[in-house]
Amino acid sequence: MNIEKTPAPPGAPVVRPELATWFERAGGPPVVVFQVHSQQGLAHEIDWHRHLRGQLISVESGLLTTRTERGEWSLPPGCAGWMPPDALHTVEITGPLRGWGLLVEPAACATLPARPCVLGIGELVRALALRLAEWPPAELLQARPLRLAGVLLDELGQAPTQALHLPMPHDRRLLRIAARLLAEPADAHGLEHWAHWAGLSPRSLSRHFRAETGLGFAQWRQQARLAESLRLLYSGVAVGDIAHRLGYSSASAFVTVFRQHYGTPPARYLQRIRPPLAAADGLASPAASG
């Protein structure tokens, strides 16, 4: 999975040799497609690394979490995580995973986001990607795949960003607060408490937090709890226990917030995350990346 010199840990998905070299190659086809079909998660998070090409990963079942210098996100089905060229990141896979990804040549990334983010993608993008996967890389410079790659990149350039990314502040005082809230998501202390703890006025904390993350303090904390709820849900923790661990007053309060953010209640969302892996038979030979 990690294609740098550091070996991937046991249980990591395998990158087909003919595709692995494209993570670090400029020039050539503007888009190379790889497919993911991992029967188990990773025992350990893949440590910080980067790739020369831009990388987009779409999860069709399972849960992938990645951290960047600017924050982290948990990537559920129906969305795609975008990592620009040379962006430092980590990768964590919880349980079986299947999906697909794109390796985008640096010069072809000009119309794509300059920072890591989560993009909403539709069936056209998926269909184009899987169609391009039918060509070996050596043939992707032919006229037809080049035309399809152009349409794919144009669609990705118009794709909406999704509110699944959890941006992290850079100021050391704000970063200490964020780290504590991530470690103790059930903490119920308010803005005034954390401002005093960090040696700031409540107004300064509120202003700086929004300036550095783009989110209000309460909004950021809710988004952090929801990101953690995906990991707990996928790990089989009951909804009531998740609500308790994350500091919600009741299971119904958690379900309400979850539905507002993800558009569906937790139980139904879990069905989308964990369909039977037998449904992955239509995917090509196993491949994956971090």
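Visitor: What should I know about the model before we start?
Guide: This is a predicted model, in which local features need pLDDT of at least 70 and side-chain atom pairs count only at pLDDT 80 or more, while totals for chains, interfaces and linings use all residues. Residues are numbered from 1 along each chain as its sequence is written, and side-chain values use heavy atoms, with hydrogens and water left out.

Visitor: How many helices and strands does the protein chain have?
Guide: The protein chain has 10 helices and eight strands, where helices (H or I, at least four residues) and strands (E, at least two) are DSSP runs numbered from the N terminus.

Visitor: Why is Pro29 called buried?
Guide: Pro29 has a relative accessibility of 1%, and therefore counts as buried, since the limit is under 20%. Pro29 is found in the loop between α1 (17–20) and β1 (31–38). Leaving aside neighbours within four places in sequence, Pro29 is in contact (heavy atoms within 4.5 Å) with Trp22, Arg53, Glu105, Pro137, Leu140 and Leu141. Pro29 and Leu146, 117 residues apart in sequence, are 7.7 Å apart in space, C-alpha to C-alpha.

Visitor: Why does Pro265 count as buried?
Guide: The relative accessible area of Pro265 is 17%, so the residue is buried. Pro265 lies in the loop between α9 (251–262) and α10 (266–273), and, leaving aside neighbours within four places in sequence, is in contact with Val255, Phe258 and Arg259.

Visitor: What makes Ala218 exposed?
Guide: Ala218 has 57% relative accessibility and therefore counts as exposed, the limit being over 50%. Ala218 is found in helix α7 (residues 217–234), and the C-alpha atoms of Ala218 and Gly190, 28 residues apart along the chain, are separated by 8.5 Å.

Visitor: Why is Asp86 called partly exposed?
Guide: The relative accessible area of Asp86 is 46%, so the term is partly exposed, which covers values between the limits for buried and exposed. Asp86 is found in the loop between β5 (79–83) and β6 (89–104), and has a positive phi of about 70 degrees although it is not a glycine.

Visitor: How do you know that α2 and α3 are roughly antiparallel?
Guide: Helix α2 (residues 123–132) and helix α3 (residues 143–157) pack at an angle of about 150 degrees, with their axes 10 Å apart. Axes are lines fitted to C-alpha atoms, for helices over the stretch in contact, and angles run from 0 to 180 degrees between N-to-C directions. Angles under 35 degrees count as roughly parallel, over 145 as roughly antiparallel, 65 to 115 as roughly perpendicular and the rest as oblique, and α2 and α3 are therefore roughly antiparallel to each other.

Visitor: What kinds of residues form the contact of α2 with α3?
Guide: The residues of this contact divide into 11 nonpolar, no polar and three charged; Ala, Val, Leu, Ile, Met, Phe, Trp, Tyr, Cys and Pro count as nonpolar, Asp, Glu, Lys and Arg as charged, and the others, Gly among them, as polar.

Visitor: Why are α5 and α6 described as roughly perpendicular?
Guide: The axes of α5 and helix α6 (residues 202–213) come within 8 Å and cross at roughly 95 degrees, and α5 and α6 are therefore roughly perpendicular to each other. The contact is made by Leu191, Glu192, Trp194 and Ala195 of α5 and Pro202, Leu205 and Ser206 of α6.

Visitor: What makes α4 oblique to α5?
Guide: The axes of helix α4 (residues 172–183) and helix α5 (residues 191–198) come within 10 Å and cross at roughly 130 degrees, and that makes α4 oblique to α5. The contact is made by Arg173, Arg176, Ile177, Arg180 and Leu181 of α4 and Trp194, Trp197 and Ala198 of α5.

Notes. Buried means under 20% relative accessible area, exposed over 50%, partly exposed in between (1.4 Å probe, protein chains only).
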